[in-house]
Amino acid sequence: IGNIVDKPHSSIQCVIQNFLDSGNLSVRPRCGRSKKLSIREERKLIKNIKANPKLSAANIVEELNAICSKIVCPEIVRNVLRNAGYHGRIARAKPYISKLNRKMRIQFVKSHFNKSPEFWKNVIWSDENKFTIFKLNGRFAFWRKPNTELNGKILRPIVKHGGGSVTVWGCMSSNGVADLHIIDRIMDRFVYLDISKTNFKLVQKNLKTFSTRQLSEEYS
């Protein structure tokens, strides 16, 4: 029969079984509305989100309507993504870190991972930061799975620029925090060395440090 009607034998068996059970050849109605997207289209949708989490549901709908001969609404796209474990979340803003600095930080962690607490008591951590009065308060949404908010594709990198700002330098150790030093110039290694020479003795006195210490710079 399958060869005559050019249908799979499994379909023929289903029709025969349906006739034996109900006495008719009509297809039994399914519960609920049939899915708008096929499994293949859903996989493609999820693949696009993995490549670019910034895509909105409206942008995905435009792409699907252009490729497929179907009219899909944004809520269908959202339901597919939610079923796959993705949810729309606001991106976290973190300072931009280049690939070179990431590599250097990982090397630093690996080389100092087994250091004793006594070693870290003899280290002064210093850093400088710029505080801007006027910041960009825009919110950027991404599609992501739970516990992936620190993924590189999902983070919103920020840089230290903008008018109305003040740059300060400070340091700390296991004994406490030193005073802040206001920087009125562009921060480079020469300015850093000048600040260190000017403030290091005062820092030793305030933090009650030993005469021989290691000075470690953390760039963040």
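Modeller: The backbone nitrogen of Ser38 sits 3.0 Å from a polar side-chain atom of Glu41. Keep in mind that this is a predicted model.

Biologist: Does Glu41 count as buried or exposed, and why?
Modeller: Glu41 belongs to helix α3, and it touches Lys36, Cys68 and Lys70, leaving aside residues up to four places away in sequence. Its relative accessibility is 15%. The cut-off for buried is under 20%, so Glu41 counts as buried.

Biologist: Which residues touch the most other members of the largest nonpolar core?
Modeller: That core has 15 residues. Helices α3 (39-51), α4 (57-67) and α5 (74-83) each supply at least two residues of it. The ones touching the most other members are Leu37, Leu45, Ile49, Ile60, Val77 and Leu81.

Biologist: And what does Ile60 touch, not counting residues up to four places away in sequence?
Modeller: Start with Leu55, in the loop between α3 and α4, which is one of the residues Ile60 touches.

Biologist: How far apart in space are Leu55 and Trp143, C-alpha to C-alpha?
Modeller: In sequence they're 88 residues apart. Still, Leu55 touches Trp143, as well as Asn48, Ile49 and Ile60, not counting residues up to four places away in sequence. The C-alpha to C-alpha distance between Leu55 and Trp143 is 7.8 Å.

Key
Residues are numbered from 1 along each chain as its sequence is written. This is a predicted model: local features need pLDDT of at least 70, side-chain atom pairs count only at pLDDT 80 or more; totals for chains, interfaces and linings use all residues. Side-chain values use heavy atoms; hydrogens and water are left out. A nonpolar core is a set of buried Ala, Val, Leu, Ile, Met, Phe, Trp, Tyr and Cys residues joined through side-chain atoms within 4.5 Å. Buried means under 20% relative accessible area, exposed over 50%, partly exposed in between (1.4 Å probe, protein chains only). Helices (H or I, at least four residues) and strands (E, at least two) are DSSP runs, numbered from the N terminus. Contact means heavy atoms within 4.5 Å. A polar contact is a pair of N or O atoms within 3.5 Å; within protein, one must be able to donate a hydrogen and the other to accept it, and residues adjacent in sequence count only if both atoms are side-chain atoms.
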